[in-house]
Amino acid sequence: MSKRAAKENDLLQDPGFSEVKRLVIAKTGLSYYEDKDAELARILAARMQACRQDSCASYAALLERAEEQAEQDELISELTIGETYFFRHPEVFDALKRHVVPEILARNAPTRRLKIWSAGCSTGAEPYSIAILLKRDFDFALAGWQGGVIGTDIDRRSLAQAESGLYQDWALRATPEQERGQYFERTPSGWRLKPCYREAVRFQGHNLIADPLPAPDIGLWDIDVILCRNVAIYFSRDQIQRLMARFHDCLNEGGWLLTGPAEIGMDRPDGFVPVNLDGLIVYRKDQTQALPDCHVWIPPELPPPAPEAFDLLVNPLVQPQAAEIAEATAEMADKETTQLEDLAERGQWLAALGPARHILARPDAGLDLALKAVQVLIEAGDFDGADRALKRLLFVDRKCLMAYYHQGILLTCREDRKMAAKAFRNARDLAAVLPPDTLLPGGEGLRAGQLAAMAALRARVETAA
């Protein structure tokens with residue numbers, strides 16, 4: 001047994017472990033750790049070593065001291081891992097742009113107020129994305145209006161990063177290159193969001209479970225839109241039901257609630273009516289009618305290849321030169337790549353299936369592009385195709401960290417949680433032996449330390465299910 005494993009085992013035998021566990025859950029609301037003693041012991045062992053505490057009782061006493069906020073913040077950062085990026089899930093921002101914000105502009109015209117809350121905002125990518133959308137698409141319409149965007153999180157270190165407005169390439173992976181310069185300034189330390197977008201957002205520390213709601217003193221009331229996405233994995237079903245009731249109390253009549261695509265226990269919150277916005281299900285407070293122009297999105301058919309390109313490739317009556325064939329093939333490949341990236345950015349997964357399959361059939365497709373195509377197959381429900389593609393990638397490189405991570409996501413979708421946890425652990429273990437700042441092939445700017453943390457969290461979630 002390793003020294004680290006021995007320390008964790010000693011903690012589990014410590015008579016004060018149950019008390020420090022109760023204290024941690026009470027302070028954070030993270031009931032996820034109710035039945036995760038081994039995982040909690042691993043985190044506590046590291047923190048206790050950093051604080052030079054030799055028993056659970058002494059560490060619990062340290063956490064109880066008001067002046068030890070810094071250690072509480074460090075512990076919370078270890079207990080929660082923020083995986084976020086700008087314009088995550090484009091269909092959500094399309095719904096805000098096409099339906100939600102225009103409806104609020106009409107309804108709130110007499111008061112000229114708009115307030116949006118990003119609950120569990122981590123390092124701020126979501127509230128800043130909303131601010132960009134509001135200024136980019138509604139700047140004229142919102143002239144003279146009051147309100148803005150509030151981002152809250154339990155992790156104060158994440159909020160400090162959010163306040164800085166500084167991000168690395170990985171957080172901008174869904175932001176097209178040509179748009180980055182519009183919203184961000186390139187600095188030696190990374191991409192800094194321009195002040196005109198930052199000024200509309202305010203950040204506030206808040207515990208969704210333990211702190212009061214509504215909370216007028218910090219602006220958490222009289223809300224028009226609440227976004228609470230990818231947060232529920234830490235909460236019990238009872239906690240989620242109570243949280244939904246408190247969100248209901250915070251929203252204005254007719255206000256909107258947007259949750260994650262697969263939030264556990266958030267599927268039918270009481271007091272809300274589901275509304276279909278082009279295939280995205282959101283919730284509206286106490287409304288009985290959906291918006292009249294809401295409809296299920298139908299993916300467009302991809303245009304066929306240009307006839308001349310088709311002739312060059314398959315018509316035996318045409319005898320082109322090798323250079324012409326190569327040029328036509330390259331042109332079609334570029335078109336497929338552009339189609340894939342554009343459709344995936346908009347969340348039009350079914351429409352992106354064709355180019356994704358063609359790209360995966362190409363021997364020259366790079367790892368970044370191949371994994372993007374795999375993501376499309378998973379999102380569109382072609383699990384068998386995604387499985388074959390990932391197995392090919394792993395056959396070529398048994399240490400392809402990103403392939404293991406995508407394999408874990410695929411197995412999660414197939415509800416094979418045991419094997420999903422194994423895949424995420426493989427990704428975690430391979431990443432853990434690399435220097436944390438190592439850029440990962442196929443990771444679109446992701447670094448080894450980031451992947452190790454992300455994969456560790458996903459493995460814990462799948463093991464807990």
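Visitor: Leaving aside neighbours within four places in sequence, which residues is Tyr197 in contact with?
Guide: The contacts of Tyr197, beyond those neighbours, are Tyr128, Ala131, Ile132, Lys135, Gln182 and Tyr183. Keep in mind that this is a predicted model.
Visitor: Noted. How far apart are Tyr197 and Tyr128, in sequence and in space?
Guide: In sequence, 69 residues separate Tyr197 and Tyr128, while their C-alpha atoms sit 6.9 Å apart.
Visitor: And is Tyr197 buried or exposed?
Guide: Buried: its relative accessible area is 9%, and the cut-off for buried is under 20%. Tyr197 belongs to helix α10, residues 195-198.

Visitor: Let's zoom out. How many helices and strands are there in the protein?
Guide: The protein has 19 helices and ten strands. Of its 465 residues, 49% are buried.

Visitor: OK, sheets. What's the strand order in the seven-stranded one?
Guide: The order is β6-β2-β1-β7-β8-β10-β9, in an open sheet with mixed pairing. At the edges are β6 (201-205) and β9 (272-277), each of which pairs on one side only. From one strand to the next, the twist averages 25°.
Visitor: How do β8 and β10 run, parallel or antiparallel?
Guide: Antiparallel, with two bridges joining β8 (residues 251-259) to β10 (residues 280-285). Opposite Trp256 you'll find Arg284 in β10.
Visitor: Which strands does helix α11 touch?
Guide: Helix α11 (residues 237-250) packs on the sheet and touches β1, β7, β8, β9 and β10, with its direction at about 140° to that of β8. Helix α6 (residues 90-107) lies across β1 (113-119), β7 (223-228), β8, β9 and β10 too, and runs at about 175° to β8.

Visitor: What's the order of the three-stranded sheet?
Guide: That open sheet goes β3-β5-β4, with antiparallel pairing. Strands β3 (166-167) and β4 (184-187) are at the edges with a single partner strand each, so one side of each has no neighbour in the sheet.
Visitor: How many residues sit between β4 and β5?
Guide: There are two residues between β4 and β5, and the two strands form a hairpin. Four bridges hold the antiparallel pair together, with β5 covering residues 190-193. Phe184 has Leu193 as its bridge partner, and Thr187 is opposite Gly190.

Visitor: Switching to helices. How many of the residues of α17 are buried?
Guide: Eleven of the 13, so α17 is largely enclosed by the rest of the structure. Among the buried ones are Leu401, Tyr404, Tyr405, His406 and Leu411.
Visitor: What covers them?
Guide: The cover includes α15 (367-380), α16 (383-396), α18 (417-432) and α19 (448-464).
Visitor: What span should α17 have, and what are its end C-alpha atoms actually doing?
Guide: With 13 residues (401-413) at 1.5 Å a residue, α17 should span 18 Å, and its end C-alpha atoms are 19 Å apart, which agrees. Just after α17, Glu415 takes a positive phi of about 60°.

Visitor: Last stop, Glu71. Which helix does Glu71 lie in?
Guide: Glu71 lies in helix α5, residues 69-79.
Visitor: Buried or exposed, that Glu71?
Guide: Glu71 is buried, with a relative accessible area of 6%.
Visitor: What polar contact joins the Glu71 side chain to another one?
Guide: Its side chain has a 2.5 Å polar contact with the side chain of Tyr59. Not counting residues up to four places away in sequence, Glu71 touches Arg47, Cys51, Tyr59, Leu62 and Leu63.
Visitor: At what angle do α5 and α2 cross?
Guide: At roughly 90°, with the axes of α5 and α2 (residues 17-28) coming within 12 Å. That makes α2 roughly perpendicular to α5. The contact uses Val24, Lys27 and Thr28 from α2, and Gln72, Leu75, Ile76 and Leu79 from α5.

Key: Residues are numbered from 1 along each chain as its sequence is written. This is a predicted model: local features need pLDDT of at least 70, side-chain atom pairs count only at pLDDT 80 or more; totals for chains, interfaces and linings use all residues. Side-chain values use heavy atoms; hydrogens and water are left out. Buried means under 20% relative accessible area, exposed over 50%, partly exposed in between (1.4 Å probe, protein chains only). A polar contact is a pair of N or O atoms within 3.5 Å; within protein, one must be able to donate a hydrogen and the other to accept it, and residues adjacent in sequence count only if both atoms are side-chain atoms. Contact means heavy atoms within 4.5 Å. The expected span of a helix is 1.5 Å times one less than its number of residues. Two strands pair if DSSP finds at least two bridges between them. Axes are lines fitted to C-alpha atoms, for helices over the stretch in contact, and angles run from 0 to 180 degrees between N-to-C directions. Angles under 35 degrees count as roughly parallel, over 145 as roughly antiparallel, 65 to 115 as roughly perpendicular and the rest as oblique.
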